[in-house]
Amino acid sequence: MKKLETWVTVPDTSDFSIYNLPFGIFSVKEGAPKAGIAIGEQIVDLAALADLGLLEVSGVYFRQSTLNDFIGLGKEITNKVRLDVQQLLILENSPLKNHPKVFVPQQDAKMHLPVHIGDYTDFYSSIEHATNVGKMFRDANNALLPNWKHLPVGYHGRASSIVVSGTDVRRPMGQILPKDQIEPVFQASGRLDFELEMGFIVGKRKRLGERISTKNAAEHIFGMVLFNDWSARDIQKWEYVPLGPFLGKSFASSMSPWVVTMEALEPFRVSGPEQDPKVLPYLEFEGEYNFDIQLQVGIQPKGTTEKVVSTSNFKFMYWNMLQQLAHHTVNGCNVNVGDVMASGTISGKDASSYGSMLEISWGGKKSVQMNDGSERRFLEDHDTVIMRGHAEKEGIRIGFGEVKGTILPST
Ligand code: MN
């Protein structure tokens, strides 16, 4: 990779290096939300940059509360904006040096959801996760259902309850079937869980009746975020047969505020696991489209420090995003700019890489010790869950920052 140097101070461990430059929506004090790019501990105010005549895109696109219209301009334009900003941050005699007001400290900014999400789909694409759940909920000898290796299993999630990192999450109430009983009760979930996931944001629409092929799918993927798909396991277990997840999932999902572009992630492409049996032709793809992104989950109970409970990697995914998008549209289903498609829980082979408490505690049988000595099988009220992700190669690092949320007691 070509070495780039910026004149902006960027700590070595920053996720927001000159190679990254993710897009997000921020506001300062009482100001309206607008678009920015993260660099180090700063945000470049794109509206201000456009007003200075330094971008080829009108400031109108950046003075909005979501990135949808900007993303809708197409990759040719969005990439150019990112590369123009990169140049301005590299140039020794950059005109930005005379305009310090273009920079906003991240600590002074409030972050918002980066896109208006019309639709949200959640896949189930980690073979380790699907196998673990199959062993616990069904049959240890036939953990994967017969369809699993033939198609990327998914379901339509709830877009309305996706919240930005930092938003508190209320423990849901619901129907639960107590152990060894035949009648359900209505109570607060006692098995509240996180799911370590990544999501991609659709960057180009596809009309109803048309398909996206694996060959063209990359054009439709704008960028990625970290995604915590909160789950209430006891509600889920009772409700999910035969149509799948419903209220055990729809109470909240959290996403990180900075959208890392696929162009920034390009150097971190790797090959995925071998797919055996061979997939149907519409799911075949060329090249490598898994990504080496190191992931981590921590739990911070109230009044103590964070304990890391999982270390995983996005490269473990059995099904890749090209296949997910091709499968999603193979029946003619349309997709729109801003739609979010999440990976499903990302677990690795090793127990230290399991992406949910369901797996870490093996259905509640094992506990994990927190730094204050308390134990967790599932999440407790006032626990904060923090997920992080970054990619690193040849000394170059880009990352996603974090997605976090604190559990509030049910009401
Ligand atoms: Mn999920």
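Modeller: Start with β14 and β16, which pair in the antiparallel sense over 2 bridges.

Biologist: What makes β14 and β16 a pair?

Modeller: Two strands pair if DSSP finds at least two bridges between them, and β14 and β16 have 2 bridges. So they meet the cut-off. In that pairing Phe227 stands opposite Met255 in β16. The strands themselves are DSSP runs of E with at least two residues, while helices are runs of H or I with at least four, both numbered from the N terminus.

Biologist: Fine, and what sort of model is this, and how are the residues numbered?

Modeller: It's a predicted model, where local features need pLDDT of at least 70 and side-chain atom pairs count only at pLDDT 80 or more, while totals for chains, interfaces and linings use all residues. Residues are numbered from 1 along each chain as its sequence is written, and side-chain values use heavy atoms, with hydrogens and water left out.

Biologist: Which other strands does β14 pair with?

Modeller: β13 is joined to β14 by 7 bridges, running antiparallel, and there the bridge partner of Phe200 is Met224. Strand β17 (residues 260–261) is joined to β14 by 2 bridges, also antiparallel, with Met224 standing opposite Val260.

Biologist: Why is β14 called largely enclosed?

Modeller: Buried means under 20% relative accessible area, exposed is over 50%, and partly exposed is in between (1.4 Å probe, protein chains only). In β14 (residues 221–228), 8 of the 8 residues are buried, so the strand is largely enclosed by the rest of the structure.

Biologist: What makes β9 and β21 edge strands?

Modeller: They belong to an open sheet of 5 strands with mixed pairing, in the order β9-β26-β25-β20-β21. β9 (169–170) and β21 (307–313) each pair on one side only. Within that sheet, β20 (residues 294–300) and β25 (residues 384–393) run antiparallel and are joined by 7 bridges, with Ile299 opposite Val385.

Biologist: Now charges. How do you know that Lys75 and Glu263 form a salt bridge?

Modeller: The rule asks for a side-chain nitrogen of Lys or Arg within 4 Å of a carboxyl oxygen of Asp or Glu. Lys75 and Glu263 have N to O at 3.1 Å, so the pair qualifies. Lys75 lies in helix α3 (residues 75–90) and Glu263 in helix α6 (residues 262–265), so the pair ties together parts that are 188 residues apart in sequence. Relative accessible area is 21% for Lys75, hence partly exposed, and 27% for Glu263, also partly exposed.

Biologist: How many salt bridges does that rule give?

Modeller: The count comes to 22. One of them joins Lys249 and Glu195, with the closest N and O atoms 2.9 Å apart. Lys249 lies in the loop between α5 and β16 (253–255) and Glu195 in the loop between β12 (192–193) and β13 (196–202), so parts that are 54 residues apart in sequence are tied together. Both Lys249 and Glu195 are buried.

Biologist: Why is Lys237 called exposed?

Modeller: Its relative accessibility is 53%, so Lys237 counts as exposed. Lys237 sits in helix α5 (residues 233–239). Together with Lys179, Arg191 and Lys365, Lys237 gathers in a patch of positive charge on the surface.

Biologist: Which peptide bonds are cis?

Modeller: Among them are Val241 to Pro242, with omega near 0 degrees, and Asp276 to Pro277, with omega near 10 degrees. Pro242 is in the loop between α5 and β16.

Notes. Patch = residues over 30% accessible without salt bridge, like charges linked within 9 Å, V, L, I, M, F, W, Y side chains within 5 Å. Areas by Shrake-Rupley, 256 points an atom, 1.4 Å probe, with all protein chains shown as cover. Lys, Arg positive; Asp, Glu negative; His and termini not counted. Charge placed at Lys NZ, Arg CZ, Asp CG, Glu CD.
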